[in-house]
Amino acid sequence: MESFQLLMDGFTTALTPVNLLYALVGVTLGTLVGVLPGIGPAMTVALLLPITFTVPPASAFIMFAGIYYGGMYGGSTTSILLNTPGESSSMITALEGNQMAKRGRAAQALATAAIGSFVAGTIATGLLVVAAPLVVDFAISFGPEDYFALAVLAFTAVSSVLSRSVVRGLASLGIGLVIGLIGIDQQTGQARLTLGIPQLLDGIDIVIVAVGLFALGEVLYVASRLRHGTPEVIPVGRAFLGRSDWSRSWRPWLRGTALGFPFGALPGGGAEIPTFLSYSIEKRLARGVAREEYGKGAIEGVAGPEAANNASAAGTLVPLLTLGLPTSATAAILLAAFQQYGLQPGPQLFDHNPALVWGMVASLFVGNVMLLVLNLPLAPLWARVLNIPRPYLYAGIVLFAALGVYALNSSWVELVILYILGMLGFAMRRFGLPVAPAVIGMILGPMAEIQLRRALAIGAGDVTVLVRSPIAVALLVVSVLVLLAPAARRLFTRPSRVTTSGRESGE
């Protein structure tokens, strides 16, 4: 009952005219960037960080939440019409969605993706309202050793899940931890890794790191692989669903939601696993015509994964808001946004800033309605956005990133750091190192160091203090399991991929 009352208070914040405008701007921008290949919600939030200093925190996070949800919606358009997933979580949508589009059913594919996203987003946000206070009540008892173990879990989870290789993920994490060490040690007052540059004594601003590694690095990487010519976009009319499409879609929507939310809320869960599972389950449950259409454009293969994708987005907000634990690239940038305003997600955020937290949660319900209205009738318009010349688009992003960072402190040194980080981000992408672990390492590294020192101080230097708490032990055990999960998955799945002829069945 208390959560319901807090949610109603959140609606009073979210439904003010100014915040409704920010929500509309957020969902529109999110859909726009979701439609454009190579640009995702993480990059958009990173680009907007420098220009939101003057925006009230509640309004800024309502806009960021709209971008997050809108990016999930818009990604399906690119997958269906171009067969080019903007993110790994949209890969499954492209399998059946693009085949539907080639058969002249692009409108139905876009409609089931949009409505499924609305259903899943609404249900998952309701589950967020129920789950968040429960996790907060549990997290209140955390001590320094527990927070350190939680940071270790965040490091291992994001390094394992957001990378093709655990080693590459940990290498990226190491880069972020080193960046986080730059500046003055808060306890000893000694300068670390500043190279004698006075502007580095306060460390590198998280905004510059986020914009440099995510936005600038991503744009340079995508532009380096730019294909000349206009991509061929499958034409689409007004999105709609017939009676048979409704009857074939509503069950996959619900099953996808049931899969997506818990996986999104788990450290290391992500959106990729539930979307793959949803597709596999729907394929196994298919009967009659639906079974024959798989691989040729089955609507269930779009409805279920899209619902799982959007439900996982709401699930990701549970560990982010209650524990300060980011489990995706966009969540990492949102954590940076919180720190930009001097806020630390966790139990104290719910106690000290309830209007901000519950206003943001309430805005997710509002944004879902806005997104449904934007996506169904305006599907042909979003399809035309795909024809924007890529050179103009990416050049504009680079210019916008530079102007935003320079506007922070009017410092040419920070501008140089931005371009150095941009080249670093490009190199990381070029050689297969994920960017998200580096950003999370930079954000959480200093916090983990402080909590480690506090725990050791309490234990008078005895390292066993780190494993005296049952919570810390459990988190550290989960961290080890997360690191070993990819190797175990390969070990158990390798025999099933080989047929009697010795060839891989997947080829």
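Gln340 is buried, with a relative accessible area of 14%; buried means under 20%, exposed over 50% and partly exposed in between (1.4 Å probe, protein chains only). The model is predicted, so local features need pLDDT of at least 70, side-chain atom pairs count only at pLDDT 80 or more, and totals for chains, interfaces and linings use all residues. Residues are numbered from 1 along each chain as its sequence is written, and side-chain values use heavy atoms, without hydrogens and water.

Gln340 belongs to helix H14 (residues 329-340). Beyond its neighbours within four places in sequence, Gln340 is in contact (heavy atoms within 4.5 Å) with Leu49, Thr52, Phe53 and Val207.

Ile333 touches Leu49, Ala210, Phe214 and Val439, among others, not counting residues up to four places away in sequence. Ile333 is also among the residues with the most contacts inside the largest nonpolar core. Such a core is a set of buried Ala, Val, Leu, Ile, Met, Phe, Trp, Tyr and Cys residues joined through side-chain atoms within 4.5 Å.

| Nonpolar core | Residues in core | Members include |
|---|---|---|
| Largest | 125 residues | Phe64, Ile204, Leu317, Ile333 |
| Another, apart from it | 16 residues | Leu81, Ala109, Ala113, Ile115 |

The lining of the second largest pocket draws at least two residues from each of helix H8 (166-181), strand S1 (183-184), helix H15 (347-352) and helix H20 (436-458). Helices (H or I, at least four residues) and strands (E, at least two) are DSSP runs, numbered from the N terminus. H20 gives the largest share of this lining, nine residues.
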